[in-house]
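Welcome! Here is a short tour to read alongside the sequence and the 3D view.

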There are 2 protein chains.
Amino acid sequence: MISPSLASIYEPIQQELLQVEENLRQVTKVDSPYLAKPLHHVLSNGGKRIRPALTLLAGKFYHYNLKLLLPIATAVELLHTATLIHDDTIDNSPQRRGKPTLNSLWDNSTAILLGDYLFATSAYVASQTGNLRVMRLFAHTLMSICSGELDETSSAFDLSQLRTHYYWRIGNKTASLFSLAAQSGAILSKAPKEVVQALRDYSYNLGMGFQIVDDIFDFEAEGEEIGKPVGSDLLRGVLTLPTIVFLESHPEGDSVKGISDLHDNLDKLNLVVGKIRQPSNIAQCYAIAAQFCSQGCSALNALPQNSVRQALVSLADYVITRRR
Amino acid sequence: MISPSLASIYEPIQQELLQVEENLRQVTKVDSPYLAKPLHHVLSNGGKRIRPALTLLAGKFYHYNLKLLLPIATAVELLHTATLIHDDTIDNSPQRRGKPTLNSLWDNSTAILLGDYLFATSAYVASQTGNLRVMRLFAHTLMSICSGELDETSSAFDLSQLRTHYYWRIGNKTASLFSLAAQSGAILSKAPKEVVQALRDYSYNLGMGFQIVDDIFDFEAEGEEIGKPVGSDLLRGVLTLPTIVFLESHPEGDSVKGISDLHDNLDKLNLVVGKIRQPSNIAQCYAIAAQFCSQGCSALNALPQNSVRQALVSLADYVITRRR
């Protein structure tokens, strides 16, 4: 699942990422087959592993200590996986990364409990760092993620929400975990305060850019590519940047209004999606994503100039230029 | 919600329990109304607060340090609340403690995410102890709880399961949290190793007794009393001690067989419930619950003989004699 361009960015931490994969495999080695099978399904699902990569890269600038970095890199990916499982359950998604979801292969009960089990496992694995600050940050990040997710549900179909609201939401939902990933790497490698802050700023902005691009994909990609139909956010009433930017420039336009009935009217959905995905609108969103990534990269000036710092810059490029 | 008999057992920790209530109230004080309202609903729901009481009582034998004990007592209750929210969502329960559940008042999405938020909050509050051992135990206990819950789902309708299987399940699902509650109190009060072990044994067995009595209630109580219909476990295919003991003494009996169609046949459900709730069967289950509690109390011999130890013995009595 890791693309060639990503693999070359990950070059400085290639071996370590294999150890993260091995740690994830270890999590699936449990006695109960009822637990082992779904665990295997979700953990061998192959993600981009951007979050553990961030931890490992961020840990490279000072005292690189794999005994501390590997647990938190693994824990961050486990936490991410747990949130995806609950997301898919809430959205009733049939597919993720081209494979059937847990909720579709098993059922909602199993998906809820397995997500919970992975939350617990992630906290347990994080505790292997023996670092209280990191563990507090870890728990606090999950609180942020849930606040963001809850807001997504509760502000659905609210056409009056502003861009700042959206930024707040994806900051909690997505960027907070990127930020945790890099910050813990920095803390555990005993980086000085200003370097921790720089890596935090970098990764938070990277997460913002990443989520915006993901939200653009929802209007662009074909079903098979991302495993869900085009416009699926809109269908759930979730207003993301492409819709918000469109509404800002069409304050009088009524074609996006009344999105609550799109479910019964796929022609109308396609019409609305067609308007939002027009090149000028999408280009504006890409420009905003790029701005976040560029702001993130400027924080890297506080870091030593080396190949790892270059990898972080390339990762920011990748986030914007990736095709999915 | 705390009965007079429980209040008198809690007498040595009365003031501290009020502080736990205040801490729980603090958790509901968040900016977002979408978060604050459901949080208030679940945290002011009034439980028996047995788990935080266990922590506080267990902490009374050595260096009683409220600055450490209050966070973990609060965290244990938060963890318990989070698991109840997900349980109710999975079971589609309309009521809990006579009040409508979160999933019935809001929806499943909110219930899943709010449960997640409370898991995270509980871990965050637990981290205020600054004690790594307690935090690891905390995360590990949630793993056990989820394993037990997953087993409940996956072994549903399996009539061949043995009593040992049931003990394993409720040990994970319920007793592990009782055990965490008392153990952390002991650890944080710097109790010697054998005292930690004694309080662990006591509380684990207490939890076993507690769950067995709860499972008996499912066959006894009227809907209004516990907020769910009689035989609701059986209806979901969950075999608890009353059913297992009945099957053991009626190996040839076919009246409990074929429980998978009870949903469509309420007359048959009532017939089966009637058989299982017969006095001799229920008495046998109570005897087993009492045996667990008595075994738990015998572990208390390792502790100083004082009023707190007496309170723990009375709590074990209460677990067996309570009416709900």
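In chain A, where is confidence lowest, and where is it highest? The lowest mean, 51, belongs to helix 11 (residues 223-226) of chain A, and the highest, 98, to helix 4 (residues 50-58) of chain A. Confidence here is pLDDT, the predictor's score for each residue from 0 to 100, and helices are DSSP runs (H or I, at least four residues) numbered from the N terminus.

This is a predicted model, in which local features need pLDDT of at least 70 and side-chain atom pairs count only at pLDDT 80 or more, while totals for chains, interfaces and linings use all residues. Residues are numbered from 1 along each chain as its sequence is written, and chains are lettered from A and ligands numbered from 1 in the order in which they are written.

**Confidence overall**

- Chain A has a mean pLDDT of 92, with 94% of its residues reaching 70 or more.
- For the model, ipTM is 0.94 and pTM is 0.94.

**How the two chains meet**

- Two copies of a chain are related by a rotation about an axis and a shift along it.
- Across the interface, 34 residues of chain A are in contact with 34 residues of chain B; contact means that the C-beta atoms of two residues, placed from the backbone, lie within 7 Å.
- On the side of chain A that touches chain B, helix 3 (33-43), helix 5 (66-91), helix 7 (108-126) and helix 8 (132-154) of chain A each supply at least two residues.
- Helix 8 of chain A gives the largest share of that side, with 14 residues.
- By type, that side of chain A divides into 18 nonpolar, 12 polar and four charged residues. Nonpolar covers Ala, Val, Leu, Ile, Met, Phe, Trp, Tyr, Cys and Pro; charged covers Asp, Glu, Lys and Arg; the others, Gly among them, are polar.
- The copies meet through the same surface, because 100% of the interface residues of chain A are also interface residues in chain B.

**Covered helices**

- Buried means that 20 or more other C-beta atoms lie within 10 Å of a residue's own, exposed means 12 or fewer, and partly exposed is in between, with C-beta atoms placed from the backbone.
- Helix 4 (residues 50-58) of chain B is mostly covered, with nine of its nine residues buried.
- The cover over the buried residues of helix 4 of chain B includes helix 2 (14-28), helix 5 (66-91), helix 9 (163-188), helix 10 (193-220) and helix 16 (307-321) of chain B.
- Helix 7 of chain A is largely enclosed by the rest of the structure, because 18 of its 19 residues are buried.
- The end C-alpha atoms of helix 7 of chain A are 27 Å apart, which agrees with the 27 Å that its 19 residues should span at 1.5 Å a residue; the expected span is 1.5 Å times one less than the number of residues.

**Helix 9 of chain B**

- Helix 9 of chain B is mostly covered, with 20 of its 26 residues buried.
- A kink of about 45° in this helix is centred on B:G171, the bend being the angle between axes fitted to the seven residues ending there and the seven starting there.
- Just after helix 9 of chain B, B:K190 takes a positive phi of about 60°.

**A matching pair of loop residues**

- Most residues other than glycine have a negative phi, and most peptide bonds are trans.
- A:F157 is not a glycine, yet has a positive phi of about 65°; A:F157 sits in the loop between helix 8 and helix 9 (163-188) of chain A.
- B:F157 also has a positive phi of about 65° although it is not a glycine, and is found in the loop between helix 8 (132-154) and helix 9 of chain B.
- B:F157 is partly exposed, with 14 other C-beta atoms within 10 Å.

**Two leucines of chain B**

- B:L102, in helix 6 (residues 102-105) of chain B, is buried, with 26 other C-beta atoms within 10 Å.
- Residues that B:L102 touches include B:P38, B:V42 and B:L114.
- B:L102 and B:V42 are 60 residues apart in sequence and 7.2 Å apart in space, C-alpha to C-alpha.
- B:L6, in helix 1 (residues 4-9) of chain B, is partly exposed, with 17 other C-beta atoms within 10 Å.
- B:L6 touches B:K48 and B:Y318, not counting residues up to four places away in sequence.
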